[in-house]
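Here is a short briefing to read alongside the sequence and the model. Keep the structure open as you go through the topics below.

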Amino acid sequence: MNEPLTALQVLKAARDYLSGPDRWCQGSLRDSQGRRCLAGAIRLAFSSVPALRSPPVDEACRAFGFINEIDDITSWNDASGRTCAEVIVALDKAIAFVEAK
């Protein structure tokens, strides 16, 4: 049996996914071309778990929101003018924050 993912692994997997070419989108968890928003990439990283919410995913989202001063990652991701580069920078900040804990 596989070890459960940690919040750090979830954040890194989401970053790795979104770093690929044309992997990020806005307005849906997953669009028709297979691109994902931030929340969709986090869910993909933890897709082996049937529950929508899990402690590592919750911790990853809390860390992302805390260090980036964001209350709602979906609304932040979908904000007009938001770029994939901004999402990656914010994920890097969250990863550094969790690593430093």
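Predicted model: local features only at pLDDT ≥ 70, side-chain atom pairs only at ≥ 80, totals over all residues.

Residues are numbered from 1 along each chain as its sequence is written, and side-chain values use heavy atoms, leaving out hydrogens and water. Helices here are DSSP runs (H or I, at least four residues), numbered from the N terminus.

**Helix α3 against helix α5**

- α3 and α5 pack with their axes 9 Å apart and at an angle of about 105 degrees.
- The two helices, α3 and α5, are therefore roughly perpendicular to each other.
- On the α3 side, the contact (heavy atoms within 4.5 Å) is made by Ala63, Phe64, Phe66, Ile67 and Asn68.
- On the α5 side, Ala90, Leu91, Lys93, Ala94, Phe97 and Val98 take part.
- By class, the residues of the contact of α3 with α5 are nine nonpolar, one polar and one charged; here Ala, Val, Leu, Ile, Met, Phe, Trp, Tyr, Cys and Pro count as nonpolar, Asp, Glu, Lys and Arg as charged, and the others, Gly among them, as polar.

**Helix α1 against helix α2**

- Helix α1 (residues 7–19) packs on helix α2 (residues 38–45) at an angle of about 120 degrees, and their axes are 8 Å apart.
- That angle makes α1 oblique to α2.
- The α1 and α2 crossing is right-handed, a term for the near helix being turned clockwise from the far one by less than a right angle, with anticlockwise giving left-handed.
- Val10, Ala13, Ala14, Tyr17 and Leu18 of α1 meet Leu38, Ala41, Ile42, Leu44 and Ala45 of α2 in this contact.
- The contact of α1 with α2 has 10 nonpolar residues, no polar and no charged.

**How enclosed is α2?**

- Six of the eight residues of α2 are buried, so α2 is largely enclosed by the rest of the structure; buried means under 20% relative accessible area, exposed over 50%, and partly exposed in between (1.4 Å probe, protein chains only).
- The buried residues in α2 are Leu38, Ala39, Gly40, Ala41, Ile42 and Ala45.
- Those buried residues of α2 pack against α1, α3, α4 and α5.

**Salt bridges**

- The structure holds four salt bridges, each a side-chain nitrogen of Lys or Arg within 4 Å of a carboxyl oxygen of Asp or Glu.
- One of them joins the side chains of Lys12 and Glu99, at 3.2 Å from N to O.
- Lys12 lies in helix α1 and Glu99 in helix α5 (residues 84–100), so this pair ties together parts that are 87 residues apart in sequence.
- Lys12 is partly exposed, at 36% relative accessible area, and Glu99 is partly exposed too, at 45%.
- Asp92 forms a salt bridge with Arg15, and their closest N and O atoms are 2.3 Å apart.
- This pair also links distant parts of the chain, with Asp92 in helix α5 and Arg15 in helix α1, 77 residues apart.
- Asp92 is partly exposed at 32% relative accessibility, and Arg15 is partly exposed at 24%.
- Asp31 and Arg35 form a salt bridge in which the closest N and O atoms are 2.6 Å apart.
- Within this pair, Asp31 counts as buried at 15% relative accessibility, whereas Arg35 counts as partly exposed at 26%.

**Positive phi outside glycine**

- Asp22 is not a glycine, yet has a positive phi of about 50 degrees.
- Asp22 sits in the loop between α1 and α2 and is exposed, at 69% relative accessibility.
- Glu69, also not a glycine, has a positive phi of about 55 degrees.
- Glu69 belongs to the loop between α3 (55–68) and α4 (73–78), and is exposed with a relative accessible area of 75%.

**Pro56**

- Pro56 lies in helix α3 and counts as buried at 14% relative accessibility.
- Pro56 and Thr6 are 50 residues apart in sequence, while their C-alpha atoms are 5.3 Å apart in space.
- Leaving aside residues up to four places away in sequence, Pro56 touches Leu5, Thr6, Ala7, Val10 and Phe46.

Methods. Axes fitted to C-alpha atoms, helices over the stretch in contact; angles between N-to-C directions. Parallel < 35°, antiparallel > 145°, perpendicular 65-115°, else oblique.
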